[in-house]
Amino acid sequence: MAGQGDLKLLGMLESPFVIRVRMALHLKGVSYEYIEQDLSNKGELLLKNNPVHKKVPVLIHNGKPICESLAIVQYVDEVWAATSPSILPANPHERALARFWAAYVDDKFFPAWLGILKAETGEERDKKMSETLPVVEQLETALAQCSNGKAFFSGASVGYLDLAVGCNLLWLDAMRKMFGVVVIDAARTPVLAAWADRFRESDVGKEVLPDADIAVEYAKKIQVYRPASK
Amino acid sequence: MAGGDDLKLLGAWPSPFVVRVKLALSFKGLSFENVEEDLGNKSELLVSSNPVQKKVPVLLHNGKPICESMVIVQYIDEAFAGTGPSLLSSDPHERAVARFWAAYVDDKLVTSWVQSFRGKTEEDKSEGTKQMFAALQTLEGALRECSKGEGYFGGESVGLVDVSLGGLLSWLNATEEMSGTKIFDPVKTPLLAAWAERLRELDGAKLAFPDKDRMVEFIQKRQAQAAAAAAAAASEK
């Protein structure tokens, strides 16, 4: 295995973008120092290493910072290219497809489900849910397109797009507990629902995805979840 | 140039995202068939090649579609790795930094500039303008850091971020001309101002950039349409 040098990850337990990076590091079997950040009171290390956005995740490798979760995942894949598995596929067209859908996840899927979480009334939540469903349907299409009938977006084993989508499962499962909403529903998007179950049960899913209760507790703490709403 | 590579670009000449792809193809020395789409009447080929977004640009390489401008640019760099200069460094950290700044251009600069044009109120628009100038200030620092004293974000030669930001230049220059306010201010952002001049002079840029007067005319027409639509909506109340 390539000598890894000094590796630190600045993160927040409940952040899907941080989870994504931790999954990439786990896939490569790379060990690192994880430093939980208090985003309401940002520390010097975070401010110095991500002055532009002041956000997590930030990977610091031998003192050099890398920011933006998808850039970090690709960085990890490239630095530890000699270590199996490859996170991105080798073929340029498949790489382009993986990047296209990962961008779709961040540009469309993430804001859509976040809208459900932040809804202030049950009515607004229903509206946000109905806006999210077509996006989920697109992900079902993506899965069919990318997986070629295999278990994961990336084929027989977990890869880039599985990480891009899968890191959101923490909050999707939390919202099911909090509101009873089922964003990835076996009745509507059966292939994606089956993938979600497989992903949760995969090594990287089991080892890295926190329990949904952790997200529920966090939501209560920051008062996103209003139990008084219907 | 690799033999047997059929490259077709579905685009629209004013689109900065299409210009990005043209820049990448030109800088790599790749020839392609340019297909001009009527975005008010999208072709079957566009809709079937990009069913998710139905947007330009779409690059068809031997019939296989690739969508999203920066995904296409990286595809071009990887699929034609042996042809022309590399748009990304081979060093993983430099690649990550380039990807970071390319994402920044889209998330901060494009977003704020769109708001400055399409903001619903004058207040929205001026907030967009303010944020756009703040983003440009940040990009000035990025250029200083990435160029390492050379001329481009990619260093000695153009790279991912030069293509990402370069795609926007025609719109930004046309806006400068129309408003009379410098966007790449040589006092506030000297490196960016010099970079913009330098990029415009490249052969690849001359091939990709729309004509400035044509751009101004296009934007004026768009603004007139938007104003007419707003007036019609107001009078319907």
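**Close-up 1. The salt bridge between B:E78 and A:R95 in the predicted model.** In this predicted model, the side chain of B:E78 meets that of A:R95 in a salt bridge, with a distance of 2.8 Å from N to O. Across the interface of chain B and chain A, four salt bridges are found by the rule.

**Close-up 2. The interface of chain B and chain A.** On the side of chain B, 24 residues are in contact with 23 residues of chain A, and the area buried between the two chains comes to about 2100 Å², of which 67% is given by carbon and sulfur atoms. The residues of chain B that lose the most area to chain A are B:V52, B:H93 and B:F100, which together account for 28% of what that side buries.

**Close-up 3. The two domains of chain B and the contact between them.** The domain assignment divides chain B into domain 1, residues 2-79, and domain 2, residues 92-213, and the centres of these domains, taken over C-alpha atoms, are separated by 22 Å. In the contact between them, 14 residues of domain 1 of chain B face 22 residues of domain 2 of chain B, and about 1500 Å² of area is buried between the two domains, with carbon and sulfur atoms giving 73% of this area. Within domain 1 of chain B, the most area is lost to domain 2 by B:R20, B:L23 and B:F27, together 37% of what that side buries.

**Close-up 4. The salt bridge of B:R20 with B:D106.** B:R20, one of the residues of domain 1 of chain B that lose the most area to domain 2, forms a salt bridge with B:D106, in which the closest N and O atoms are 2.8 Å apart. Across the interface of domain 1 and domain 2 of chain B, the rule finds one salt bridge.

**Close-up 5. The second largest pocket and its lining.** The second largest pocket holds about 710 Å³ of space, and of the 32 residues that line this pocket, B:E94, B:V97, B:A98, B:E145 and B:C146 are the closest to its centre. The elements that give two or more residues to the lining come from both chains, namely α2 (44-49) and β4 (64-67) of chain A and α4 (92-118), α5 (122-147) and α6 (160-166) of chain B. Of the contributions to this lining, that of α4(B) is the most, with seven residues. By residue class, the lining of the second largest pocket consists of 17 nonpolar, nine polar and six charged residues.

Terms used:
Residues are numbered from 1 along each chain as its sequence is written. Chains are lettered from A and ligands numbered from 1 in the order in which they are written. This is a predicted model: local features need pLDDT of at least 70, side-chain atom pairs count only at pLDDT 80 or more; totals for chains, interfaces and linings use all residues. Side-chain values use heavy atoms; hydrogens and water are left out. On a 1 Å grid over the protein atoms alone, a cavity is a set of points where a 1.4 Å probe fits but cannot get out, and a pocket is an open set with protein on both sides within 12 Å along at least five of seven lines; lining residues have an atom within 4 Å of a point. Grid points are joined across faces, edges and corners, and a volume is the space filled by probe spheres set on the points. Helices (H or I, at least four residues) and strands (E, at least two) are DSSP runs, numbered from the N terminus. Ala, Val, Leu, Ile, Met, Phe, Trp, Tyr, Cys and Pro count as nonpolar, Asp, Glu, Lys and Arg as charged, and the others, Gly among them, as polar. Domain bounds come from an automatic or database domain assignment. Contact means heavy atoms within 4.5 Å. Buried area is the accessible area (1.4 Å probe) that two parts lose on being put together, summed over both.
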